[in-house]
Amino acid sequence: MRYIDEFRSGEIARALTSELADAMPPGRELALMEVCGGHTHAIYKHGIDELLPPGLELVHGPGCPVCVIPVGRVDDAVSLALEPNVIFTTFGDMMRVPGSKGSLLDARSRGADVRMVYSPLDALELARANPEREVVFFAIGFETTTPSTAITLLQARAQGVQNFTVFCNHVTIAPPLKAILDAPELRLDGLIAPGHVSAVIGSRPYDFIASEYARPVVVAGFEPLDILQSVLMLVRQLAAGRAEVENQYTRVVREQGNPRALEAIEQTMELRDSFEWRGLGSIPKSGLRLREEFADWDAERRYEVPGISVPDHKACQCGQVLRGLVKPWECKVFGTACTPERPIGTCMVSSEGACAAYYHYGRNRPKRVKIQT
Amino acid sequence: MSNERRPRRKSRFHDERITLVHGAGGKASRNLVEAVFLEELANPLLDPLGDSALIEVGGTKLAFTTDAHVVQPLFFSGGDIGSLAVNGTVNDIAVAGARPIALSAAFVLEEGLPVADLRRVVASMAEAARQAGVVIAAGDTKVVERGRGDGLTVTTAAIGLVDDRVELGAEKVRAGDKVLVSGSLGDHGMAVMIARGNLELEVEISSDSASVFPLAESLFALGADLRWLRDPTRGGLATTLNELTEASGLCAVLEEKALPVHEQVAAACEILGLDPLYVANEGKLIAVVAADRAEEALALLRAQPLGAEAVIVGEIEPEPAGLVLLQTAFGGSRVVDMLTGDPLPRIC
């Protein structure tokens, strides 16, 4: 397949792998965080981790949109879905995330009208097709998915659609990275930055990582060669003692991002004072809500939602997994009490979750010893 | 398959209500079957949970199976619920090592269903039956109120005559055996997903719905060197092979580069974030054969019109027990797990 096979060439991978081994600074152990769950998934799906030289470890980061939604917000979603006359629309992955009183899929089996959509525009279309019903869209995700919600809101307003609201859970990528870099428990040598988020926000928002934390950053694409090349770029920076923001994903990402997408977000949403993240707790200025001008389309203003912060299941270590502190297989319940079909935590549910990636693709791997610092 | 003994563990099943996951053909479906159905209905014919039960009547070995068909939309590129019902049932008989003889079909019709649609479905069944060389020997019809029937559902049953040259089963499979597939993967599942019309993908993908009996029959000549046959429907090649490795305690290693996937299907899967290994097929055969007969088996399959694209995709190894592994084209390896839940397009 054109534009795909070129980026999955085993031959080029072998060449890159040997360059990577040569580039490793002698005697050092390096830990690089792949921030995005899409990267985690690609790493296991293509077996990239098996091609890395000794002394180089990849650590999973918080960039999984489903994973970071805390239990309380899932409960709020279930409560909205159970409102009379509501059609509750969501991306498929979110349906299986357990709340404290079951998942959206459970709510559906109890009679709630929960429907999977592929885009918020589909939810808006559903509202127009069902004027006698109320359609709520469960908006989740980083800056990758935020613009599509923003555009949908602008269209809803332009078309005067009154029976459509958004339950906004959009989050931004920079604050959790800062929280992870500030945490004393983890030493990271560099970051593989998320490609699709960066297509929207550009590469500048990572400048603080290079300037304030002296860590190199490479914005990476999602094909296996993209990831391998990004790892090589990071290792070369580290070997040369550089800490810069570089862009490997030049075919998609511009330094300034996508101004029109950013403009749409700016028009419709604003930062919340604080937003709760699974595993990371409340982080100031890290989540978005709808602006006052869009109050009519804000599900949190139209309906009563419990809005209660609910602690994670006692046994669940998703929080530590999302912060890179615990590898999926080190979690006490991984693969036993927590499996993709009976997940306890979000990291096992989402196709981008580190636990699901490892469970589905990596169970043949010898358990690696974590680099402890 | 008749002799395929699954380790019967006490199933844990905590779900309080049926959700769609129970119908997706993966682990949840199997847990439901084991914990709810086998719990009450267990008997030597049912227990192996093969595609067909093997029954001996007066010295004659019969294969017996049943299948319920619900598909939305009822018509899609390359087939419809009628051809699907016939072929799916015929295929369950064929992979048991048997020649399909006769089918029954029970229809639940929803009030308001256009008779023209019903005619089209029945004509399609007749054509599929003719091609598969079976008759539809018995039937039943019920009508339910509007809103309670999903248009039309069909439940079929079939009997077939077991070919005495072969004895198939997971326990016949040996390390070193080769895994063959009769053609491209994922065509049916993608055709139906596209026909639902909400993906706005403009691709030409047709369902592969067809009887695999001619393919299966061509392999019966291998006798005991033909170890195991399946048609990888819901859950795709991945889930079907996992059932084999779990039942046999062996490992199947697939070569990613060898997997036959049509470009359109690969592209659609790529866009949606789906894996063709998990997408349903309705006219394909997976065969495990002794290594020294693998090339012969390949030639036999390729001599059939439906088997022109047949390939050897992997082999059976002793370890790691119970897993399906994939050697990636990129140079790494990974586990190919059973399907969990429905395959869902990714978010971003």
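Start with the largest nonpolar core, which has 218 residues; select Ala81(A), Phe167(A), Cys347(A), Cys355(A), Leu180(B) and Ala287(B), the ones with the most contacts inside it. Such a core is a set of buried Ala, Val, Leu, Ile, Met, Phe, Trp, Tyr and Cys residues joined through C-beta atoms within 7 Å. (Helices are DSSP runs of H or I, at least four residues, and strands are runs of E, at least two, numbered from the N terminus.)

A word on what you're looking at: this is a predicted model, where local features need pLDDT of at least 70, side-chain atom pairs count only at pLDDT 80 or more, and totals for chains, interfaces and linings use all residues. Residues are numbered from 1 along each chain as its sequence is written, with chains lettered from A and ligands numbered from 1 in the order in which they are written.

Now click Leu180(B). Leaving out residues up to four places away in sequence, its contacts (C-beta atoms, placed from the backbone, within 7 Å) include Ala287(B), Val289(B), Leu298(B) and Ile312(B).

Then go to where the chains meet: 31 residues of chain B are in contact with 37 residues of chain A. On the chain B side, select α1 (27-41), α7 (263-272) and β14 (333-335), the elements giving two or more residues. The largest share, four residues, comes from α7(B).

Last stop: Pro44(B), in the loop between α1 and β1 (53-57) of chain B. Pro44(B) is exposed because it has 8 other C-beta atoms within 10 Å; the cut-offs are 12 or fewer for exposed, 20 or more for buried, and partly exposed in between.

Key: Two residues are in contact if their C-beta atoms, placed from the backbone, lie within 7 Å.
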